[in-house]
Amino acid sequence: LELRAALARAVSERTFTLDYQPIVVMGSGAILGFEALVRWRHPTLGFVPPAEFVAIAEETGLIEAIGDWVLHEAVRAVAGWRQVRAGRATPYVSVNVSAHQLRAPAFVDKVSAALTAAGVDPSGVMLEITESSLLRDDDRAWAELAALRRIGVRVAIDDFGTGFSSLSYLQRMPVDVLKIDRSFTSTISGSPRQRALVEAIVGLAGTLGLEVIAEGVESRVERDLLGDLGCPYGQGYLFSRPLAAAAATALLSGPT
Ligand code: G
Ligand code: G
Ligand code: MN
Ligand code: NA
């Protein structure tokens with residue numbers, strides 16, 4: 001309850017920050033974009049893990065205000081990166097969106113407005129929706145996502161493999177990318193069965209014309225196995241931990 005009140009205060013005082021974790025081409029290390037991860041440091045409780053406060057924010061509806069802030073901040077960051085990278089590859093930002101946000105009216109307009117305000121074209125943003133929330137309220141959410149894809153925003157299924165998407169759902173889902181859940185990545189080196197599962201996911205993605213990104217890549221062994229199985233893109237501690245905004249920009253200023 002105390003945390004709830006503090007969170008409400010944090011929303012009005014905007015005491016959140018975003019960290020950014022690189023998403024890379026695993027073979028070369030080239031940066032494709034960054035996943036934005038919200039952070040909240042409470043004045044006395046210290047750092048509160050997002051898994052905790054995002055859940056409270058969803059229950060209380062505060063996630064809408066937090067999500068709006070995250071979206072604007074993340075899009076502003078892309079504008080900066082694209083300036084740093086002028087004339088070279090154009091990185092995107094991948095933003096986690098909860099089902100609650102998708103259900104709110106005018107979500108599409110909010111995304112467009114954030115893009116317009118920052119002067120970023122829609123290819124600068126990817127939205128991550130968990131597999132379970134996509135399944136929970138399909139109609140509204142799917143319509144919103146389809147509308148976003150029509151303007152050029154990309155959509156990823158987050159934590160893929162942990163939900164229960166049927167093949168017929170997957171075929172119809174308005175998405176571009178599957179992010180393979182880190183529970184698969186972390187067991188891939190020890191288990192032929194897990195390797196076969198990842199291979200099946202990669203094959204499925206190929207059949208459906210979807211891109212795959214492996215999450216939670218922590219070792220070179222995992223990276224190489226993923227490459228062998230046909231998954232070219234990844235993110236994880238092997239490449240980089242989530243970075244503060246300035247560090248992310250500094251990384252992009254480098255040679256690759
Ligand atoms: O950064 P960390 O691994 O602790 O994140 C934990 C969880 O919080 C992840 O599942 C992530 O998707 C979620 N999360 C992080 N940032 C955001 C955000 O801006 N919005 C929402 N809805 N979830 C987020
Ligand atoms: O659920 P989602 O995929 O959005 O969660 C992202 C979370 O995973 C972030 O909180 C991030 O800190 C965490 N993360 C990113 N890379 C790694 C990794 O290599 N290993 C582990 N254990 N966690 C990671
Ligand atoms: Mn995510
Ligand atoms: Na995930």
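Trainee: What makes the radius of gyration of this protein agree with that of a compact globule?

Mentor: In this predicted model, the protein has a radius of gyration of 18 Å. A compact globule with 256 residues would have a value near 18 Å, so the two agree. Along the principal axes, the C-alpha trace spans about 50 × 45 × 40 Å.

Trainee: How do you know what confidence the predictor assigns to the model?

Mentor: The average pLDDT of the protein is 93, and 98% of the residues score at least 70. For the complex, the predictor gives an ipTM of 0.96 and a pTM of 0.96.

Trainee: What does the protein contain in the way of helices and strands, and what share of its residues is buried?

Mentor: There are 12 helices and 10 strands. Buried residues make up 39% of the 256 residues. Among contacts with a separation of 6 or more, 67% join residues 24 or more positions apart.

Trainee: Why is L226 called buried?

Mentor: The cut-off for a buried residue is 20 or more other C-beta atoms within 10 Å. L226 has 26 such atoms, and therefore it is buried. The residue is found in helix α11, residues 220-228. Leaving aside neighbours within four places in sequence, L226 is in contact with M26, A214, V217, C231 and G234. R41 lies 185 residues from L226 along the chain, and their C-alpha atoms are separated by 35 Å.

Trainee: Why does G230 count as partly exposed?

Mentor: A residue is partly exposed when its count falls between the exposed limit of 12 or fewer and the buried limit of 20 or more. G230 has 14 C-beta neighbours inside 10 Å, so it counts as partly exposed. G230 lies in the loop between α11 and β9 (233-234).

Trainee: Why is V108 classed as partly exposed?

Mentor: V108 has 18 other C-beta atoms within 10 Å. Leaving aside neighbours within four places in sequence, V108 is in contact with E144, A147 and L148. The C-alpha atoms of V108 and L210, 102 residues apart along the chain, are separated by 22 Å.

Trainee: Which class does D159 belong to, and how do you know?

Mentor: D159 has 19 C-beta neighbours inside 10 Å, whereas a buried residue requires 20 or more, so D159 counts as partly exposed. The residue also has a positive phi of about 55° although it is not a glycine. Its place is in strand β6, residues 154-160.

Trainee: How many residues form the largest nonpolar core, and which have the most contacts inside it?

Mentor: The largest nonpolar core has 71 residues, and those with the most contacts inside it are A74, V93, V125, I180 and V212. Helix α3, residues 63-84, gives the largest share of this core, with nine residues. Leaving aside neighbours within four places in sequence, A74 is in contact with L18, A36, V93 and V95.

Trainee: Which residues are around ligand 1, and how do they divide by class?

Mentor: The residues around ligand 1 are L37, V38, P49, P50, A51, V54, V70, N96 and S98. They divide into seven nonpolar, two polar and no charged. Both β2 (31-42) and α2 (50-60) supply at least two residues of this shell, and α2 gives the most, with three.

Trainee: What is the make-up of the shell around ligand 2?

Mentor: By class, the shell around ligand 2 has four nonpolar, four polar and five charged residues. In total, 13 residues surround ligand 2, and the closest are G216, E218, G236, Y237 and P242.

How values were computed:
Residues are numbered from 1 along each chain as its sequence is written. Chains are lettered from A and ligands numbered from 1 in the order in which they are written. This is a predicted model: local features need pLDDT of at least 70, side-chain atom pairs count only at pLDDT 80 or more; totals for chains, interfaces and linings use all residues. A residue is near a molecule or strand if its C-beta atom, placed from the backbone, lies within 6 Å of it. Helices (H or I, at least four residues) and strands (E, at least two) are DSSP runs, numbered from the N terminus. Ala, Val, Leu, Ile, Met, Phe, Trp, Tyr, Cys and Pro count as nonpolar, Asp, Glu, Lys and Arg as charged, and the others, Gly among them, as polar. The radius of gyration is taken over C-alpha atoms; the globule rule is 2.2 Å times the number of residues to the power 0.38. Two residues are in contact if their C-beta atoms, placed from the backbone, lie within 7 Å. pLDDT is the predictor's confidence in each residue, from 0 to 100. A nonpolar core is a set of buried Ala, Val, Leu, Ile, Met, Phe, Trp, Tyr and Cys residues joined through C-beta atoms within 7 Å.
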